[in-house]
Each structure stands twice: as structure tokens, then as C-alpha cells.
Amino acid sequence: MKRSQPPAKNQRKPSPSARRPGQRPAQRPERAARKLPANTPPLELTVEALGVRGDGVAQVGNKRYFVPLTVPGDRLLVRPIEETGDGIRAEILEMLQPGPDRREPPCVHFGRCGGCTLQHLTDEAYRAYKQALLLDAVAREGIDPELIAGLVTVPPRSRRRAILVARRLAQGTVLGFHEHRGHFIVDIEDCTVLAPALQDVLPRLRTLLDALLPAGGNARATMLSLDRGVDLLLDLPETPDLTGREALAGFAEVADLSRLSITIEGGTPELLAQRRAATIAFAGIPVAVPPGAFLQATAEAEAALLDAVLAGVGAAKSIADLYAGCGTFSLPLAANGAAVHAVEGHAPAIEALAAAGRQAGPSLKLTVEKRDLAGDPLSGAELDRFEAVVFDPPRTGAKTQAAALAKSQVPIVVAVSCNPATFARDMRLLLDGGYQLERITPIDQFLWSAHLELVAVFRRA
């Protein structure tokens, strides 16, 4: 097993994630941390709860400590390492007594890899934590807990979309995920969340990057498991020469990819190999997804989200789908008989959706619009022609669009969110505008992480 390696001084740090293509944007950066002296004395503490990032929280005097990889009830000897505006981060020196909710994590990489942070919780404690993420976020708004449905979960080894990082070292290429709150790369041999189709690509991809990357070179691999195989987008540090291109084409064959594209330092994707159509079907309608496109991370979570959205809009016949992406909700809503207007700011995604709509034929009532909803939200007058609105923004939420919705007369609003904190802010705008919350469905799409998806249904009083 290859070990984690620190980045070189000139290593390019991963850029903040964009929603399409790439991940949903990360949370707002934390306030600057101050490293504590190496001789800061250790202290003993007992973890009292888990915070919103999954770290254990303990109060010692007037100071709050955050300790990753812990559970409530853990009694620990810890070393304080840095101080932030929220408290002091610490690392475990010794486990003095484990808490009752601790279990053996199922992944050999757990504790080093930053992809999963909660595998050490028992199933019951894990579900309670995920449910509490939503309860705590909406509690200050006076929401009745009875309006929150039970947690919908996904199974292990179901992640169909993943972004991995790689670096070429003297002893070989490391390929995997960054460590928790760090830039070391944990070399992944087997991942308990990745779908088998993605997992099978990793050994061959590591071999390819050994031959392709310059010494010290970095790469990023965005993998999608689509209907006809794996789609791979490689972000490389330099343009490959003829030998490199031949190696890439050969890799696409050996790994049985549906499509292989590259970008150079995050530039425009270049298609290198197209062996099969890189499509995914929504409501039976195939969409030719752009390289590295945003998709819901698991098929199971997508199905749960869609069920909640369809139930929320009910019999509405005219629907606006905002932040529509490639059509996860737009196409099923239109296939269900509604006239759907899809709005999305990322040109490749909305163009793919428009092409799928045209291919489906005139019976599908679908119109599309490219529009930056953060800077140019649909106004109340534009919204009032719809019987329902669905919106699924990035992690930063939809503050400006929610404010416009609050001034509209749309009877039904269905909010999809991947961040309970920004959802609570947007929800308050809707409630103050006269909407009533009907229900919230939490969906645990990102297994063993501190992230939570949800679908909330609002109706005009």
C-alpha cells in the first residue's frame, strides 16, 4: 500500500469546486487559523457532541475544542494544534476510554482519507447525527420537528460520481483523496463508497498516470458512471505529446471507458476517445452529458430526491426548474405531463438538456433558458406564470432567488438543498414572504460524511 505524501512547494492546490462541471462549491472558507506552539501541553477532555463538520466537540473551561474522528463519550488525551475563531482544533494522542457509540470503521483508509469522516459511528448514532444536522439548522426558525421525515440512506459502494487527485512521485503515482483538512494525498486501493465501475478503473488509471505525468506533476480525475460505461475527465499539468495521446487512447480501450477527455490546468475539455455514447437517462430520456458534468452522486439518492420533488409539485401543470443542470428533475417533470421551463447558468449543461428535449419530440413540453440565477434571478412577475417552482442551488444556496420567490404568488415551491445552513436562511425568506412549510425529507447522499441533502415543500397560505 502506498503512503500519503506531502505536496511539493510548487504543487498546484485544487481550485475551489464549481458546481458544473465539477463538484458543488464548498462551504465558505473558515476564518484564519493560528498554529499553536509545538510545546503546547496536552490535556484530557471528554467529547460531548459532534459538530456540523463531524468533529467531536468538548468544552474545557471557557474554551471549545474540536477533535476529529471522535464520538460523544470518548475520553481522550489530546494535543491542541491550532486556534480558530470557532475554537481550538486538537488531535488525539491517546484514547483513554471509548464512547458507547464507537465502532470499528469498515475502510482501511479511514482516519487518513478525508473522503469519509464518520465511519467510526454506530449505525444508530450515525443516523441520529444526520437527522440532527437538519433539526439543528431549522430549530432556530421555530420549525415543528414533526414536519421532518425520516432519513433516507444510500448503500455503500454506490457513489457514481467522484473526483480524485493524483501526484507523480519517485516511487510511483499516488491516486486518491486528500487527507482530512490537508493536502496530503491518501493513495486509495479500495474505497467503500465508490461504485464498482469506478473502483475498477483506479489500478489502470494509476499505471497510466505513472507514464503520463512528469516528476512531481499533479492531475485530477473526474469520473462518472453513466448508462454505457465510465466517463473520465483528466485535468493534466501539461499538454500530452503524441506518445502521451497514444497512451491515453490505449487506456480508454483497456479500461473500457465510454469517453475520455482532458483539460490542461482546468481549461476547456478536449475529447480524446469516444467509444460509446456518454449518456444518462432521466425518465427514459437520454442526455449526452458534458465531460465532468454535475450529477447527483448516487442513483439511489437521485431517485429519492425525484420522488420527493414529484410528490411536492403534485398535479401542477406549469413548472419552473431553477438550477436545472442536465435535467435531473426537468425531464421527469415534463415526462409526467407538465410544461417545464428549465433555467441553468452553465452553458454545456443547459445545451445538453435542450438537445435531449428536442430528441424526445414535440410531445415533451420543455423550454430552456441560460441564466445566472445568483446575479439575475427570475422576478416575481416572471415566476407568477408557474403553478410550481423547483430550485436546486449549489451549497451557497439561493438567497437572491429565494427573495424573489418570496415576493411571487407561486402556489408551490420545492427546495432541494445540499446544505442545511443555507437552506435555513433561504427558508426564512420564504416563510417571511407568506409560505408555509409542509414537509422536509432528509437524504443521506454522501455516506459517512457530514453532508446532507434535503427536499422541502412550501405552499402559499
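This is a short tour of a predicted model, stop by stop.

**Stop 1: confidence**

Colour the model by pLDDT. The mean over the protein is 93, and 93% of the residues reach 70 or more. Now select residues 1–30. Here pLDDT stays under 50. The model still has 85 contacts for this stretch beyond four places in sequence. Where pLDDT is low, the predicted coordinates should not be read in detail. Move on to other parts of the chain.

**Stop 2: helix H7**

Select residues 347–360. This is helix H7, with 14 residues. How far apart are its end C-alpha atoms? They are 20 Å apart. At 1.5 Å a residue the helix should span 20 Å, so the two values agree.

Next, show the side chains. Which residues of H7 are buried? They are Ala-347, Ala-349, Ile-350, Ala-352, Leu-353, Ala-354, Ala-356 and Gly-357. An α-helix has 3.6 residues a turn, so residues three or four places apart point the same way. Look at what surrounds the buried residues of H7. They pack against strand S17 (285–288), helix H6 (330–335), strand S19 (339–344) and strand S20 (366–370).

Step just past the end of H7. Gly-361 sits there, with a positive phi of about 105°.

**Stop 3**

Most residues other than glycine have a negative phi. Select Arg-157 and check its backbone. Its phi is positive, about 55°, although Arg-157 is not a glycine. Arg-157 is in the loop between strand S8 (152–153) and strand S9 (161–169). Its relative accessible area is 36%, so Arg-157 counts as partly exposed.

Now go to Glu-265. This residue is not a glycine either, yet it has a positive phi of about 50°. Find Glu-265 in the loop between S14 and S15. At 41% relative accessibility, Glu-265 is partly exposed.

**Stop 4**

Side chains of opposite charge can pair when their charged atoms come close. How many salt bridges does the model have? The count comes to 26.

Select Arg-276 and Asp-256. They form a salt bridge, and their closest N and O atoms are 3.0 Å apart. The pair links distant parts of the chain, 20 residues apart. Arg-276 lies in the loop between strand S15 (270–274) and strand S16 (279–282). Asp-256 lies in the loop between helix H4 (242–254) and strand S14 (259–264). Both residues are partly exposed: Arg-276 has a relative accessible area of 21%, and Asp-256 has 40%.

Together with Asp-256 and Arg-276, they are linked in a network of salt bridges.

**Stop 5: Gly-229**

Gly-229 is in strand S13 (residues 229–236).

Gly-229 and Thr-122 are 107 residues apart in sequence. In space they are 34 Å apart, C-alpha to C-alpha.

**Stop 6: helix H10 and strand S24**

Select Phe-423 and Phe-458. The model has one aromatic pair. The ring centres of Phe-423 and Phe-458 are 6.4 Å apart and their planes are at 40°, so the pair is tilted. Phe-423 lies in helix H10 (residues 420–432) and Phe-458 in strand S24 (residues 453–460), so the pair ties together parts 35 residues apart in sequence.

Select Arg-425 and Asp-426. Their side chains meet in a salt bridge, 3.0 Å from N to O. Asp-426 is buried, with a relative accessible area of 4%, whereas Arg-425 is partly exposed at 30%.

Next, pick Glu-438 and Arg-459. Their salt bridge has its closest N and O atoms 2.4 Å apart. Glu-438 lies in strand S23 (residues 435–444) and Arg-459 in strand S24, so this pair ties together parts 21 residues apart in sequence. Glu-438 is partly exposed at 30% relative accessibility. Arg-459 is also partly exposed, at 28%.

Finish at Arg-460 and Tyr-435. Arg-460 lies over the face of Tyr-435, at 4.0 Å from the ring centre.

How values were computed:
Residues are numbered from 1 along each chain as its sequence is written. This is a predicted model: local features need pLDDT of at least 70, side-chain atom pairs count only at pLDDT 80 or more; totals for chains, interfaces and linings use all residues. Side-chain values use heavy atoms; hydrogens and water are left out. Rings of Phe, Tyr and Trp (its six-membered ring) pair if their centres lie within 6.5 Å; planes under 30 degrees apart count as stacked, over 60 as edge-to-face and the rest as tilted. Helices (H or I, at least four residues) and strands (E, at least two) are DSSP runs, numbered from the N terminus. A charge sits over a ring if NZ of Lys or CZ of Arg is within 6 Å of the ring centre and within 35 degrees of the ring normal. pLDDT is the predictor's confidence in each residue, from 0 to 100. Contact means heavy atoms within 4.5 Å. A salt bridge is a side-chain nitrogen of Lys or Arg within 4 Å of a carboxyl oxygen of Asp or Glu. Buried means under 20% relative accessible area, exposed over 50%, partly exposed in between (1.4 Å probe, protein chains only). The expected span of a helix is 1.5 Å times one less than its number of residues.
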